[in-house]
Amino acid sequence: MYVTKFEDLGKDDIGIAGGKGANLGELTQAGIPVPPGFVVTAETYDKFMQDTGIFNSVMDILDQIDINNTKELQEAAEEIKKIIVETPIPEDISTLIIEAYNQLSQRVGVDEADVAIRSSATAEDLPEASFAGQQDTFLHVQGIDNVVAYVRKCWASLFEARAIFYREENNFEHSKVYIAVVVQQMVDSDKAGVMFTVNPSTGENIALIEGSWGLGESVVSGTVTPDNYAVNKDNNEIINVTISDKKTMFTNDEEGTSIQVEVPEDMRNERVLSDDELIELTEMGKRVQAHYGKPQDTEWAFHDGNLFLLQSRPITTLGDSEEKASEDDDVDLEVLIKGLGASPGLASGKVKIIRELDELDKVQDGDVMVTIMTTPDMVPAMRRANGIVTDEGGVTCHAAIISRELGIPCVVGTGDATSSLKENSEVTADGKKGLVYKGILKSGETEVSSPEVAQVSATPLITVTEVKANVSMPEAAPRAAATGADGVGLLRTEHMMLTSGIHPKKFIIDGNEEELVNTLAENVLKVADEFYPKPVWYRTLDAPTDEFITLEGGENEPREHNPMLGWRGIRRELDEPEILKAEFKAIKKLHDKGYTNIGIMIPLSQHPSELRKAKEICAEVGLRPHIDVDFGMMVEIPAAAIMIDEYIKEGIDFVSLGTNDLTQYTLAVDRNNEFVAKHYSEEHPAVMKLIERTIKKCVEAGVTCSICGQAGSVPHIVEKLVGFGITSVSSNSDAVEEVRKTVARAEKKIMLDAARKQM
């Protein structure tokens, strides 16, 4: 069988259709409403490779490479992928694919169906091999020529460099790994969301459903606070309905690409799901759970009144359910305000509203700190707090970043927490859902992570792509190191320098440069020592002027209209080289003590001349770039990404993509401005093109390339980065374990792809 409809496939057809294709067939045969589609089987891939004569060519290339030679491996992978993508599919095969696509289009009542094309791996005589989630997926594909082309791209995705490496390392024969391709109708949903067939926290037999308008991306990505529903599965009684203010939604533009738009005013606070739809969903959930014999985490969509199941997977968070259920029975879940979940966990305490810096002493151990937006001066008070709630900001704002590092639950972007919540009232902040509830939880119920407690997997995964941690404060280093991170991809200077309360230039003006150097050295030492001998990349000072103003000696700071676009990063330090020189002296001091694991990277560079000048200043203090210390740069400005070739010629050891700034500068969106937060997306095609260009240019030149922005903690983006060839991913400490799992999956997929090409 070369092309098979879902209706003709079942769970035993993994060898034909791969895991994904077999599962969709199983659900279809079980009568679950799945969007229709077909599978281009693994046999078709094998026939293509053999009939075109490219199988032996691909195997010859693989036989000759040294997988430990990165450049050679990358070149071989690109050569193989090019062979596959440029080799025409024989007419007898392409005709079958075209006929199946035309039949699907007829079935859904359109001339050219809008489809998703997904890889679905399988392997011969390798029952222990799991290739789920490793190959490429392409969305919104239309037209026979495009469908055939993207099927071929799925086949080619078997031979990314790390896929080849993985198979070689695990002794998987390339010739025994195959790939099927799923072609499935895209659902342009009116409303969509997620459903747990039991309570994932307690195991209670209720369906928990979240829904919002448009495509399900808004719910899954957390860009909107969805409606929440609970349905008793025993009698289909609707036991909870919480309607949210749904400000944005995802929909398809004229070209079929998902875009985020504002929800019409009359729909923002309208209930998404009717009672009948909730019961229909619950009944579907019962059927899916009964079919698989275990609770499921599902994704669903309604289109023109028709319900579709898009995905189903086992719930993996069911532990100590009986005990948790009894604890939560007494919790008052009245929602007071809603925002964005920025740092997971539950935090209970008394509200302390901070409007001015001189009010910080109000925050005592166990309080919930509520403010418009946090600043570096507030970090000591943040450490004392159980939780943080802000009026402004998004998931990359100061409050979010610091809270995640400290393991403190945080809710941002509420809009009016400082005016809605009452001083000293008792609340519980849910940093995952972005909600603040009335009341305080009993002792033992609050799920607040301690900064000293590391979240480490019982069996650490080993990945070729390194997974590092971002660190802002020395106090966070033990927690970050305990995650098993492969180093520090971003050590921020700002908090170490600004928590002294004294403007760095004042140290120098007052003749106290040595004190500044020692302060920096002592703080960096705590991190470098915790991770030694793993690399620690120190980013030189990058504080906007509005963060300097409040410091002693900061009264002469310029008042900039938009500090994010102003006098910051390397541009400021080259204007005030004495501060940069003090930083380099601190690093040299540590280098002389044997801490050779510290690398230096300059922030916010827009021209290679800035890199050149910074290296000259570094050499002036006796610290030789590229010899004594690795010297690199952040890529945060489109100009740097576009001119990356010139930076490489100037000489860099490594590059780190700062996607938070790169996104805001590419899209002209202030990432700290809640009014335009809906337009901020690291996945915007322009941002992703700059990221892909930078990574691939660095790979070609043998320059280490990493990422340290918020995108480094988003699983589906991480998969793309690994596919591009990124060397390491640096994430928030709390995300290291999950990012490593994602990286491992992506690498396995790449290896699988490569293995199939050797068949």
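Trainee: What makes Tyr45, Phe48 and Trp155 one aromatic cluster?

Mentor: The cluster of Tyr45, Phe48 and Trp155 rests on a pairing rule: rings of Phe, Tyr and Trp (its six-membered ring) pair if their centres lie within 6.5 Å. By this rule there are six aromatic pairs. Do keep in mind that this is a predicted model, where local features need pLDDT of at least 70, side-chain atom pairs count only at pLDDT 80 or more, and totals for chains, interfaces and linings use all residues. Residues are numbered from 1 along each chain as its sequence is written, and side-chain values use heavy atoms, leaving out hydrogens and water.

Trainee: Why is the pair of Trp537 and Phe654 called stacked?

Mentor: Planes under 30 degrees apart count as stacked, over 60 as edge-to-face and the rest as tilted. Trp537 and Phe654 have 10 degrees between the planes and lie 3.9 Å centre to centre, so the pair is stacked. Trp537 and Phe654 are both buried (under 20% relative accessible area; exposed is over 50%, partly exposed in between, with a 1.4 Å probe and protein chains only).

Trainee: And what makes the pair of Phe584 and Phe631 tilted?

Mentor: Their planes stand at 55 degrees, with the centres 6.2 Å apart, so the pair is tilted. Phe584 sits in helix H21 and Phe631 in strand E26 (residues 631-635), 47 residues apart.

Trainee: How do you know that H18 and H21 are oblique?

Mentor: Their axes cross at roughly 50 degrees and come within 8 Å. Angles under 35 degrees count as roughly parallel, over 145 as roughly antiparallel, 65 to 115 as roughly perpendicular and the rest as oblique. H18 and H21 are therefore oblique to each other.

Notes:
Axes fitted to C-alpha atoms, helices over the stretch in contact; angles between N-to-C directions. Helix = DSSP H or I, 4+ residues; strand = E, 2+ residues; numbered from the N terminus.
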